[in-house]
Amino acid sequence: MNLDTLTWLLEGLLERTPGTRHALVLSRDGLKLCHSSGLRADSADHLAAIAAGVQSLAHSASVEFGDGAGGVRQAMAEFYGGLLFIVEAGHGAHLAVITSDEAEPGLVGHNMNELVEQMGEHLTTPPRTVAGPA
Amino acid sequence: MHSTTSEPSASQPPAAPAPGDAHVPLPATTEQAVKIAVVGGFGVGKTTLVRSVSEIRPLNTEETMTRAGDGVDDLGGVEDKRATTVAFDFGRITLDATSVLYVFGAPGQERFWFLWERLFSGALGAVVLVDTRRLEDSWYAIDRLEAQGTPFVVAHNDFGEADHSLEEVRAALDLDAAVPLLRCDARERDSAKQVLIALVRHVRALVTEGSR
């Protein structure tokens with residue numbers, strides 16, 4: 001699955017989910033992989049770093065207070081003017097969505113998980129193996 | 001709890017979740033919390049330092065580095081690095097019956113610099129870790145601390161192998177003579193502890209000078 005296809009899938013998510021504004025796929029170490037067209041490159045870089053931090057803290061919370069299964073189903077932040085949702089998307093990647101106040105959280109979460117299933121294994125962001133030269 | 005009277009003032013206890021199975025429980029007599037930030041470039045040993053000194057299982061937010069970082073996160077000099085901090089490290093040291101020190105380690109890469117402001121908020125001072133293989137990575141931290149007037153010390157993390165004299169490091173960093181510079185091995189608890197002690201002494205000296 002190439003980047004154009006992924007971007008097209010992200011646009012589709014926004015189209016069928018009322019209130020959504022931006023969608024972004026990021027690597028777990030905080031770098032953008034692809035995003036919807038309305039998101040500026042600088043904002044995408046910033047959102048990728050934010051979402052990686054939030055997911056990592058959410059994972060720490062699950063280790064400390066969870067049932068031991070050790071996973072984060074979804075991280076969410078509700079702020080004045082919108083919401084941020086993050087779910088895991090394949091190995092080593094996350095999907096982040098920004099919505100307006102009017103979005104329906106249940107529907108957003110459902111549609112995000114549906115999209116992750118569609119993307120499936122194509123989203124694998126493998127660990128760096130051999131360190132490249134400086 | 002109350003803040004110390006020193007300037008800049010010590011923080012209230014941070015809102016970050018403390019790991020529950022602390023090896024050393026926080027004494028009920030604790031009255032004073034002091035916060036220290038550890039900053040510096042990518043891969044310089046900040047997470048290692050917090051781990052070395054913390055008496056509790058540190059909160060760490062290290063994530064496996066992915067291939068998306070090829071060409072972004074420069075591994076020159078730290079080729080064995082496999083994971084990187086994406087939020088912050090958090091550790092704790094009980095100083096005595098009434099005082100506790102919270103140590104926050106910042107993420108190093110530019111994309112996470114926006115987090116630094118919150119980490120510095122209420123901090124007594126900061127430790128800048130430097131690695132002589134990538135000295136330029138620490139310029140941003142030093143510039144920022146100087147600009148915002150946060151007291152700091154610079155610790156040359158040499159992993160037990162002194163490669164440059166401290167004078168050389170000071171010259172290369174163009175570091176003000178008033179800023180303490182010392183050598184450390186971030187993996188060693190005692191060595192890391194000396195860095196924190198140097199910072200606290202430096203802050204105390206600044207306060208004493210200022211009140212004269």
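The text below describes a predicted model with chains A and B.

**Chain B in outline**

The secondary structure of chain B consists of 5 helices and 8 strands. Along the sequence these elements follow the order β-α-β-β-β-β-α-β-α-β-α-β-α. Chain B has 212 residues, and 42% of them count as buried. Among the contacts in chain B with a separation of 6 or more, 72% are between residues 24 or more positions apart.

**The nonpolar core**

In soluble globular proteins, nonpolar side chains tend to be buried together. The largest nonpolar core in this model has 84 residues. The members that touch the most other members are L26(A), I36(B), A37(B), V38(B), A126(B), V127(B) and V128(B). Helix α2 of chain A, residues 41-65, supplies the largest share of this core, with 9 residues.

**Where the chains meet**

Between the chains, 24 residues of chain A are in contact with 26 residues of chain B. On the side of chain A that touches chain B, α2(A) gives the largest share, 10 residues. By class, that side of chain A has 10 nonpolar, 9 polar and 5 charged residues.

L31(A) has contacts in both chains. Leaving aside neighbours within four places in sequence, L31(A) is in contact with L26(A) and A48(A), and with A68(B), G69(B) and V72(B). L31(A) lies in the loop between β1 (20-27) and β2 (32-35) of chain A. Is this residue, L31(A), buried or exposed? L31(A) counts as buried because it has 23 C-beta neighbours inside 10 Å, and the cut-off for buried is 20 or more. The C-alpha atoms of L31(A) and D101(A) are separated by 26 Å, with the two residues 70 apart along the chain.

**Two helix pairs**

Two packed helices are described by the angle between their axes and the distance between the axes. The table gives these values for one pair in each chain.

| Helix pair | Angle between axes | Distance between axes |
|---|---|---|
| α1 (residues 3-16) and α3 (residues 105-119) of chain A | roughly 160° | within 11 Å |
| α1 (residues 46-53) and α5 (residues 189-211) of chain B | about 100° | 8 Å |

In chain A, the angle of roughly 160° is over the cut-off of 145 degrees, so α1(A) and α3(A) are roughly antiparallel to each other. Their crossing is right-handed. On the α1(A) side the contact is made by L6(A), L9(A), L13(A) and R16(A), and on the α3(A) side by N111(A), L115(A), Q118(A) and M119(A). By class, this contact of α1(A) with α3(A) has 5 nonpolar, 2 polar and 1 charged residues.

In chain B, the angle of about 100° falls in the range of 65 to 115 degrees, so α1(B) and α5(B) are roughly perpendicular to each other. Here L49(B), S52(B) and V53(B) of α1(B) meet R189(B), A192(B), K193(B) and L196(B) of α5(B). This contact of α1(B) with α5(B) has 4 nonpolar, 1 polar and 2 charged residues.

S99(B) is found in strand β5 of chain B, residues 99-105. It counts as partly exposed because it has 17 C-beta neighbours inside 10 Å. S99(B) and A123(B) are 24 residues apart along the chain, and their C-alpha atoms are separated by 15 Å.

Most residues other than glycine have a negative phi. D174(B) is not a glycine, yet it has a positive phi of about 55°. D174(B) lies in the loop between α4 (166-173) and β8 (181-184) of chain B. D174(B) counts as exposed because it has 8 C-beta neighbours inside 10 Å, and the cut-off for exposed is 12 or fewer.

How values were computed
Residues numbered from 1 in each chain as written. Chains lettered and ligands numbered in written order. Predicted model: local features only at pLDDT ≥ 70, side-chain atom pairs only at ≥ 80, totals over all residues. Core = buried A, V, L, I, M, F, W, Y, C linked by C-beta atoms within 7 Å. Helix = DSSP H or I, 4+ residues; strand = E, 2+ residues; numbered from the N terminus. Axes fitted to C-alpha atoms, helices over the stretch in contact; angles between N-to-C directions. Parallel < 35°, antiparallel > 145°, perpendicular 65-115°, else oblique. Left-handed = near helix turned anticlockwise from the far one by under 90°. Contact = placed C-beta atoms within 7 Å. Nonpolar A, V, L, I, M, F, W, Y, C, P; charged D, E, K, R; others polar.
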